[in-house]
Amino acid sequence: MPLTTVTTQASIVTPEFIMRARIAARGVSVFSPGAPGRLLQGLLDVVDLRGKGTRVASWPIEDYHTAYNVADGVDHTTSQSYDPTDNVATASEIIAIETISKIAMKTADERSIARATRMLGIAIGEKIDTDVLALNTSLDTDVGSTGAAATFALLSNGPQTLGAARYPGPYNCVLHDIQWYDLVNQGTTTLALASGILADQFATTYQVRDGQQVGGMNRMIVTPRVPSANSSADRSGAIFSSFPAYGLAELWWGEIEQEKDASLRGTEIVITSCYGLVEIDGAAAVAFETDY
């Protein structure tokens, strides 16, 4: 019987580095698990697909119906049909890879892996933010003004527009840093509170708490990942009603593995996430597109 030699490679991706990557992902993403982008009502409806045997999630489209006054014993002439339709999101893998050379592993093992896992976590966090907020530019209505600075007059049009379309509050919004800067520096008496107490809160929590409304919004998130529109001339924030406008189907978040890359004499650290996004109802939120 021939002798058999088995070679095993100890994993360099320990729980310490996995946790470092996940902390980094949560630290940079407002839409990571437990972050305000998932907690605020109306921004994002999340479906966890783990254990459900599918990569597909669906959200029903629910149209409003109208009730009528009728005389006693009289049939109304108008009937309404029920047409069950769904918006569907299919989860797919998102991946980021970092290669650590054999020399780096031998000379600065812990430091190199710590840096790599942290940067991979940041990449995943930025990716989901970018994908979610890219949907802002496809909403049905824009209450901003292309080429103009953000103002409270424009911002307050959001809740008014949603209310007129029968989408109730509480209303929340996501703004780009420059849009918030324009609001705080508008220079009118309506900003007396925003430029003081609320500005301090934004610097530490990135949201306005319930009961401290600004421009008709109960809560606000400020992030530089708000997408550009019109060839980068504008930034498209969004104002959300209590009805979810976006759906996120998530299978897993931030799984980390290592793979041997013999040709590069290195080890690849790979982080993957698996999710899908869909616009549930483009009328349940309005875009806030203003000059960058």
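Arg225 and Asp129 are both buried (under 20% relative accessible area; exposed is over 50%, partly exposed in between; 1.4 Å probe, protein chains only). The model is predicted: local features need pLDDT of at least 70, side-chain atom pairs count only at pLDDT 80 or more, and totals for chains, interfaces and linings use all residues. Residues are numbered from 1 along each chain as its sequence is written, and side-chain values use heavy atoms, with hydrogens and water left out.

**View 1. Arg225 pairs with Asp129 in a salt bridge.** The N to O distance is 2.9 Å. A salt bridge here is a side-chain nitrogen of Lys or Arg within 4 Å of a carboxyl oxygen of Asp or Glu. Asp129 sits in helix H4, Arg225 in the loop between S6 and S7, 96 residues apart. Helices (H or I, at least four residues) and strands (E, at least two) are DSSP runs, numbered from the N terminus.

**View 2. Glu126 also forms a salt bridge with Arg225.** Here N to O is 3.5 Å. Glu126 belongs to helix H4 (residues 109–133), and Arg225 to the loop between strand S6 (219–222) and strand S7 (228–229), so the pair ties together parts 99 residues apart in sequence. Glu126 is partly exposed, at 35% relative accessibility.

**View 3. A network of salt bridges links Glu126, Asp129 and Arg225.** The salt bridge count by this rule is seven.

**View 4. Asp48 and Arg50 meet through their side chains in a salt bridge.** The N to O distance is 2.6 Å. Asp48 is partly exposed at 32% relative accessibility. Arg50 is exposed, with a relative accessible area of 59%.
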